[in-house]
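These are my notebook entries on a single protein model. I set down what I looked up, in the order in which I looked.

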Amino acid sequence: LLAEGLAGEGAARLEALVRLVDDFPGDELVPDALFELGERLSALGEADQAVACYGMLVERHGDHDLAARARYGRAWCLYGAGDFDAALTDLAAAAGAGDAELAAAAHELAAWSELGAGRPAAAARAWERFAEVSADPRRVFETGLAIAAAWREAGGADEALELLDRQVASLSGSEGTSGELAVATLVEAVFAALDGGDLTAAEARLDEAVARGQVPAPTAGGPRPAPSHARPAPPAVLEAAFFVGEARFAAGDLDRAATHYRLAAGTGSPVVAEALYKLGFGLLQQNDAAAAEAPLVMLTEGHATSPLFGEGLFLLGEARFRRGDHAGAVAPLTTLTERLPDHAVVPKARFRLGLALGHEARWAEAERVLARLSKDSPSFPNLAEAELWRGRALGAQAKSRAASQAFERCIALDAAAGGAGVLSAQARLGLGRLAQAEGRDDDALSEYLKVA
């Protein structure tokens, strides 16, 4: 019957095992049948029946070699049912039975049971016992990360960081799979440190992750390549660098933020577009328009499908405008206004584009762009300046009446905004020049005197 139960299929297998237990209760093979029944029922999702079979073995044959494994099997079912404390009682007994492989499995499930019960500190202690006896570093790694995540969710960023540091230490000096796990653990440590607001600690773990992740890969049958041929940092490390950069940026440390953004924009980065954008944006904030241009060119030329493409076009145009390259500013700003006319930054782009065209004396184009801005964005904050330049564009095309109206609107908008009068003064000079060109010298003088 036992052989039939072990080798059979489906219901026949279970029936043979049940017959052995029921018809031969005193037979020495009953513990084997009960254990096999528990295993099969557990695999079928019949947890309650499996628990009953495991329980019969433990209670009636507690000294049998399979009793400890039955306790583990029952604990697994109890864990699945959410009865974590009952599971932990069985796991403690299973771990002390003298079977190293079973002890490792029991400590692992104990850690997950403590997590299920909402006790990350106890889970961490179970994880330490698991790490001491396990021969599977990946399972230790996955369990440790889960506990660290629970700590972080509970507000215990420092405790999470401490656990992750212990996990890194246990993997130190390893390459291959263990080395990769150490890097992945360091990445999680970066985020734990960020959760705790410790930027210095986050940067230290990031530096270590970069150093470990860039270890030169050995060539087949040959010596290690030179460090210059080291593989790039793993994508997860580059992503972590971006978030460290974000934290430094939020703290106002733009120089250090830029260092992290540059790393995050490396080959294979999942956040390369975001990193390039923030690098360009930060450099513009530092008034380094020349340095900002390179990452923004990379963003706009290499990531046209990114949600940041439109913002990148605007910032690239802005960077070029600020350093006096008005002709160079026209191309990205035009691309933005034509390809993404509904983008939120289009009004700003039209304003800068109109001024750039004006600086290049492309007056008809400047007029059209600024007229569209005036029509579509009547509450644009810099509309007074836009009207000043629209007046200049119209005047340059000998459209004196429309130019006068634009200058007058500039004066009205400037006054309504409580400006310092600089734009109004320039508009009056424009009105004076129009009048003078038409031979209306008295009107011209009147406008000039208002400025004086």
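**Entry 1. Overall make-up**

I note at the outset that the model is predicted. I looked up the secondary structure and found 24 helices and zero strands. I then checked burial: of the 452 residues in the protein, 46% are buried. For the surface, I recorded an accessible area of about 21800 Å², with 51% of it belonging to carbon and sulfur atoms. I also looked at the contacts between residues at least 6 apart in sequence; 46% of these join residues at least 24 apart.

**Entry 2. Nonpolar cores**

Which residues have the most contacts inside the largest nonpolar core? I found L91, I147, L206 and V237, in a core of 106 residues. Helix 11, residues 176–195, gives the most to this core, with ten residues.

I then followed L206 and left aside residues up to four places away in sequence. L206 touches V190, V237, A240, A241, V244 and H260.

**Entry 3. Helix 4**

I turned to helix 4, which runs over residues 47–60. Its 14 residues reach 20 Å from the first C-alpha to the last, close to the 20 Å expected at 1.5 Å a residue. In helix 4 I listed A50, C53, Y54, G55, L57 and V58 as buried. The cover over the buried residues of helix 4 includes helix 3 (30–43) and helix 5 (67–80).

**Entry 4. Helix 17**

How many of the 14 residues of helix 17 are buried? I counted twelve, so helix 17 is largely enclosed by the rest of the structure. The buried residues include F309, G310, G312 and L313 at one end of my list, and also E318 and R320. The cover over them includes helix 15 (272–285), helix 16 (289–302), helix 18 (326–339) and helix 19 (346–359).

I checked the length of helix 17 (residues 309–322) as well. Its end C-alpha atoms are 20 Å apart, which agrees with the 20 Å that its 14 residues should span at 1.5 Å a residue. Just after helix 17, I noted that G324 takes a positive phi of about 85°.

Leaving aside neighbours within four places in sequence, I found F314 in contact with L333, L336, V345, K348, A349 and R352. V345 is 31 residues away from F314 along the chain, yet their C-alpha atoms are separated by 7.4 Å.

T335 is found in helix 18. I recorded T335 as partly exposed, with a relative accessible area of 25%. T335 touches L313 and L340, not counting residues up to four places away in sequence. From T335 to G310 there are 25 residues in sequence and 8.9 Å in space, C-alpha to C-alpha.

**Entry 5. Aromatic rings**

I looked up the aromatic pairs and found ten in the structure. I took the pair Y277 and F281: the ring centres are 6.1 Å apart and the planes stand at 20°, so the pair is stacked. Y277 and F281 are four residues apart in helix 15 and therefore separated by about one helical turn. I recall that an α-helix has 3.6 residues a turn, so residues three or four places apart point the same way.

The burial of the two residues is as follows. Y277 is buried, with a relative accessible area of 13%, whereas F281 is partly exposed at 26%. Y277 and F281 form one aromatic cluster together with F191, F242, F243, F249 and Y261.

**Entry 6. Charges over rings**

Last, I looked for charged groups over rings. The charged end of K278 sits over the ring of F249, 4.3 Å from its centre. F249 is one of the members of the aromatic cluster noted above. R392 lies over the face of W389, at 4.7 Å from the ring centre.

Methods
Residues are numbered from 1 along each chain as its sequence is written. This is a predicted model: local features need pLDDT of at least 70, side-chain atom pairs count only at pLDDT 80 or more; totals for chains, interfaces and linings use all residues. Side-chain values use heavy atoms; hydrogens and water are left out. A nonpolar core is a set of buried Ala, Val, Leu, Ile, Met, Phe, Trp, Tyr and Cys residues joined through side-chain atoms within 4.5 Å. Buried means under 20% relative accessible area, exposed over 50%, partly exposed in between (1.4 Å probe, protein chains only). Helices (H or I, at least four residues) and strands (E, at least two) are DSSP runs, numbered from the N terminus. Contact means heavy atoms within 4.5 Å. The expected span of a helix is 1.5 Å times one less than its number of residues. Rings of Phe, Tyr and Trp (its six-membered ring) pair if their centres lie within 6.5 Å; planes under 30 degrees apart count as stacked, over 60 as edge-to-face and the rest as tilted. A charge sits over a ring if NZ of Lys or CZ of Arg is within 6 Å of the ring centre and within 35 degrees of the ring normal. Accessible areas come from the Shrake-Rupley method with a 1.4 Å probe; for residues, only the protein chains shown count as cover.
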